[in-house]
Amino acid sequence: MQKRCLTIQDYSCLGRCSLTVALPVLSAAGIETCGIPTTVLSNHTAGFKSWTYADLTEYIKPTVEHWKNYRHHFDAIYTGYLATEQIPIVLDVIKELKTSDTAIIVDPAFADGGKLYPAFKDEHVVEMRKLVSQSDIILPNLTEAYYLVGDEYNPNYAEKDIQKLLLKLASLGPKCVIISGISFKEGTVGCYSYDGDEKKFDFYQTTAYPGTYHGTGDLFASSFVASLLNGTTFKKAIRVAHNVVHLAIAKTIEDGEPEIYYGVEFEKALPYLISCLDKEFN
Ligand code: PXL
């Protein structure tokens, strides 16, 4: 049976992120993907100076209400960037649609570089903890990880600090946690993860490109969900997702795009993603 994923996040028309990344990535990986757009924005809010938007909060619940009349099953519900007031609604949607084999995957998507995204206040973190408590897997970056556990942002960490952070995050509810953007040595970057089923930590790293790129967290989360739903193990799905982001950044640099707010050229990394999903890889 083809796998089906519900993803709930915004649609930013310009600046590759959220649904404009999740839909093509998951579709390319052979997953039927139903996207509920929570807000339509002219562009994302990180890096662009201004934006306009249409709030679709009112439309989330009626959409799911209509689905009640049909037989369907979601193998995963994957959430991304959400407005604060949308989080309780998404929790209701999960309650309504989740079955015993639906994986709840939460990309907190509310902060980076030690700061909350412009649209959010501390209240957002309180609400996001509730969503995290109902999840199976979360994929925060380092800033989001610190916010979620209530610790001060510390970019000068040792390996044991990251392991402690992972265990604290797991104690909030999710069985598995992946923190992206971890670097113990200049010129390298990786993902540190904790698999609660195996009670194991894992660290995967590659060389890092200088600078920061928007939408890479969304690309990482979407590629991870795409791999996992294709039967790839937790550990390998992290490697695939990290490599997709690494390759997309390389392609962007190769092209010389100077404006980082357009996001990365993930379209050129899709053939790699698909090649990883071949049976032989698993
Ligand atoms: O990539 C995360 C993201 C998604 N959607 C919107 C955003 C951001 C980051 O700022 O503004 C609207």
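Select Phe 48 first: this residue is buried, at 14% relative accessible area (buried is under 20%, exposed over 50%, partly exposed in between, with a 1.4 Å probe and protein chains only). Keep in mind that this is a predicted model, where local features need pLDDT of at least 70, side-chain atom pairs count only at pLDDT 80 or more, and totals for chains, interfaces and linings use all residues. Numbering starts from 1 along each chain as its sequence is written, and side-chain values use heavy atoms, with hydrogens and water left out.

Rings of Phe, Tyr and Trp (its six-membered ring) pair if their centres lie within 6.5 Å; planes under 30 degrees apart are stacked, over 60 edge-to-face, and the rest tilted. That rule gives 15 aromatic pairs. With centres 6.2 Å apart and planes at 70°, Phe 48 and Tyr 262 are edge-to-face. The two are 214 residues apart: Phe 48 is in the loop between strand 2 (32–43) and strand 3 (53–55), Tyr 262 in the loop between helix 8 (234–255) and helix 9 (270–276). Helices (H or I, at least four residues) and strands (E, at least two) are DSSP runs, numbered from the N terminus.

Next, pick Tyr 146 and Tyr 153, an edge-to-face pair at 5.8 Å centre to centre and 90° between the planes. Buried or partly exposed? Tyr 146 is buried at 6%, while Tyr 153 is partly exposed at 33%.

Then show strand 9 (residues 176–182), where 6 of 7 residues are buried. Strands pair if DSSP finds at least two bridges between them. On one side, strand 8 (residues 137–138) runs parallel to strand 9 with 2 bridges, and Ile 138 has Val 177 as its bridge partner. Strand 10 (residues 188–195) runs antiparallel to strand 9, with 5 bridges; there, Ile 179 partners Tyr 192. Strands 9 and 10 make a hairpin with 5 residues between them, and Gly 187 in the turn has a positive phi of about 85°.

Tyr 192 also belongs to a cluster linked by ring pairs, together with Tyr 157, Phe 184, Tyr 194, Phe 201 and Phe 203.

Of its 45 residues, Leu 6, Leu 131, Leu 169 and Ile 179 touch the most other members. Helix 3 (residues 87–97) gives the most, 7 residues.

Definitions and conventions. Core = buried A, V, L, I, M, F, W, Y, C linked by side-chain atoms within 4.5 Å.
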